[in-house]
Amino acid sequence: MIPRPIQIVALTTALLAGNARAELFAIRNAEVHTVAGAGTLKAATVLVRDGRIEAVGAEVAIPDGARQIDAAGRPLTPGIFVARSALGLKEIDGVEETNDVASAQKRYSAALDVSDALNPRSVLLPVNRIAGVTRAVTAPDSTKGGSLIAGQGAIISLAGARAADGRWIVKPQAAMFAALGEQGRELAGSRPAALAALREAFEEARSGGARMGSGLSGEAQLSPLDIAALQRVLKREMPLVLNAERASDIKAALKLADDYGLQLIISGGAEAHLVASELARRSVPVLLDPSRNLPAHFETLHVDRDAVAVLSRAGVRFAFIDASEFGSHNARNLRQLAGIAAGHGMDRDAALAAITLSPAQIFGLSSELGSIEVGKLADLVLWDGDPLEATSAATAVWIDGESMPMVSRQTLLRDRYLKRPLPR
Amino acid sequence: MTRPARTCLAALATVLLAACGGRDPAPTPAADPFPSTYRPPAASAVLIRGATVLTGIDTRLDDTDVLLADGRIAAIGKELAAGGSRVIEARGRYLTPGIIDVHSHLGVYPAPDVWATSDGNEATAPTTAEVWVEHSIWPQDPGFQTARAGGVTTLQVLPGSANLIGGRGVVIKNVPAATYQQMLFPGAKRSLKMACGENPKRVYGKNGGRSPATGMGNVAGYRAAFAKAASYRAKWDAYNKAGEGPPPDRDLALDTLADVLRGNILVQVHCYRADQMATMLDVAKEFGFRISAFHHAVEAYKIADLLADTQTCGALWADWWGFKLEAWDAINENIAIVDAARSDKGAGCAIVHSDDPDGIQRLNQEAAKAMAAGRRAGLTIPEEHAIGWLTANPAKALGILDKTGTLEVGKAADVVLWSGSPFSVYAHADQVWIDGALRLDRDHPNLQPDSDFMLGADVDAATTSDEATAGAAP
């Protein structure tokens, strides 16, 4: 690759600035999965200038001076967008010092903002980036004794410390995260107690400074910063992501959102298919794991691999997440979950959309990300086979048009033991 | 319990042996008190015609017929005569041995995950060799059925890894049953579950304020247990040899460990780090037992030759990593490197395991990832080789390779017919036979009923939900 000037000039002041480095390149002869109206284009070219997609199609004229990359007919997709993770927020679950996922031991941590503490040099970022993950929602969560309202999540670029201008947190305060269902019950004492506690918090925020600090006390006290953050949720400046699995818990979440005019996103949604029409009527999207089929908890008793089909027919928007504890370290396996959904009858393009465009839409970034369309940021992945197949791998990854080195701590370990065998 | 002979065996034998007409010839204090009652149902012969057959012994037979009869693989070849058998046209589909998972907690950490059914770790003392995991198995775990749908015909259920010595594991056939005895794999040895590393020292040292609190405490714990077992075994062996005198005192924990030393119980060790595996191999050598497999073993690639030289299998994940520090050095090529070790002697024994009720449903996909990673690293791994990571190698680690794990004439008809290559994410197990009996058929999902737990869970959902309405739409 030709070395480029190190000096970077920002072309725009928007948060999603894109890559301001002046570069022009064309990926040609690719099978382009646009995840847009154009569908899949064979032998097509994607032209990228200054980090954005400038042209897409079979007949794109490649300007003089553009670097050319021959895709040899292989699939090119948008980068994978992880709709929920703790990337940058935790390194090793079992090493407490590196784990900042769980919030403090108070009822409300609405003021907590993960973007204050995210680590762009997390080893997890390159591991997932070289597998095609380019963006992720990174969210706080609650463990036993923690907060019912866990705090504010952010959207990050997997470029991490490599991001131009250090702008890897592409959207701080992207959403407020809170719990209902069994998790909410554990934190508040019972399901209705969790609902009541959420209502109390929003009532307090709605009444604003007038009653600030007077209504709730002790562990339930809301700080002025908590109230300010919840007011942004009330003003729909920030969506509320509620963990809810059981159909009745999802309905309770819908009622709460109705009562306070919240922009709601359901996370978990094991039984969302049982209330699909109500979700569709309110345009409430769902983050769900399409591979789940076991009643791992009583609240997921009706989990069903056909849920995706039911939600699709009803017109509910959904994005895929990994509901296991591996959604961060192995965010790269979201692709496999999409493949499993496709194996169970989901349209393959729709399955790809559920890990690219849909999360971008749900979190309000689809004008910039999620598909291969003119004007969007060039988050692109070239694959050596069907992008949903377990045997396929990414061979090249661009974030904001910047080519990512295909190196991670894991590839370095592999090379140390494969290529320079030590005595063993 | 009406037959006198049975009563004698079942009633803690040491005091009653003489009264029952003589000592058990086996050098153990007791015969198996929990015998298998598994009996495969009679099944008519089936001819699977024209499949791509991955035998599990490194061979791929294209367009080949396989005849299942009397619970066994009766014939493999071209254009076999159907005779009176039912014929299944399988052109374009793959036939493999049934998948064997050497590391499962189905039934002991079942779904739903609640206190009432959380029965996998007797985490009350660091060595609990006296417990048998089979006594925790809940046969109604819905996970058995979903695993069957993933082609799993045999699995080893193990105690968890809280303890240095967690107790006996057991090999079962993945068949619907009301009791675990109806699932016990006839003739399979039981196993001993041991654990290295962070879990025991966390559970006892960090959370319990007692030994082991360190890696060295862990090793002292194993050695103390086996030192006692060696002495116990010597006493019992002397007593059995003498054929007279009062029997030594009975100790259930030492019964198990003594049978490990005799080779009657196979050792399965949860161990992540290379250095800890090497230590465990030395402990095994000191007391004269073999380690059948290291489970999880994310650093197995660092000592792949040592594992091959000691004939120790690595039961591994394709890509799990990072949930604790001892899992930090995982690489995607681990399975392929363990497999390739000492390849001139065919010694590397790699196994894809799950340790997970979701992962067990897609062990084929996990093998696909490991195969692909190995190929990218320059290793030659055809599908017919990689299938052995799910079939022959786990059978070897469980000591049942003479009975199942490959498609060879005379072996048990534990067979999976896949809709396509099992190394595709889109493939499904279309049909699964266990001992020749059809146990899963995708075209007839009601062939096997749901677990009792799931029955009736959706009585109202089916009549009132959007699902019902949406499902009725054109």
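**Inside a predicted two-chain model**

Biologist: Which residue in S10(B) is the bridge partner of Leu192(B)?

Modeller: Bear in mind that this is a predicted model. S9(B) pairs with strand S10 of chain B, residues 266–271, in the parallel sense over five bridges. Look along S10(B) for the bridge partner of Leu192(B), and you land on Val267(B).

Biologist: And in S9(B), which residue is the bridge partner of Arg168(B)?

Modeller: Here we turn to strand S8 of chain B, residues 165–173, which runs antiparallel to S9(B) and is joined to it by four bridges. Leu192(B) already has a bridge partner in S10(B), namely Val267(B). In S9(B), Arg168(B) is bridged to Leu192(B).

Biologist: How many of the residues of S9(B) are buried?

Modeller: Take one face of S9(B): Ser191(B), Lys193(B) and Ala195(B) are buried there. For strand S9 of chain B, residues 191–195, the count of buried residues is five of five.

Biologist: Are H4(B) and H5(B) roughly parallel or roughly perpendicular to each other?

Modeller: Helix H4 (residues 198–206) and helix H5 (residues 215–242) of chain B pack with their axes 9 Å apart, at an angle of about 100 degrees. Angles from 65 to 115 degrees fall in one class. H4(B) and H5(B) are therefore roughly perpendicular.

Biologist: What about the two chains: how many nonpolar residues are on the side of chain A that touches chain B?

Modeller: In all, 43 residues of chain A are in contact with 49 residues of chain B. Helices H6 (276–281), H7 (307–314), H8 (334–343) and H11 (409–419) of chain A each supply at least two residues to that side of chain A. Its make-up is six charged, 15 polar and, for nonpolar, 22.

Methods. Residues numbered from 1 in each chain as written. Chains lettered and ligands numbered in written order. Predicted model: local features only at pLDDT ≥ 70, side-chain atom pairs only at ≥ 80, totals over all residues. Contact = placed C-beta atoms within 7 Å. Nonpolar A, V, L, I, M, F, W, Y, C, P; charged D, E, K, R; others polar. Axes fitted to C-alpha atoms, helices over the stretch in contact; angles between N-to-C directions. Parallel < 35°, antiparallel > 145°, perpendicular 65-115°, else oblique. Buried ≥ 20, exposed ≤ 12 C-beta atoms within 10 Å, placed from the backbone. Pairing = 2+ DSSP bridges.
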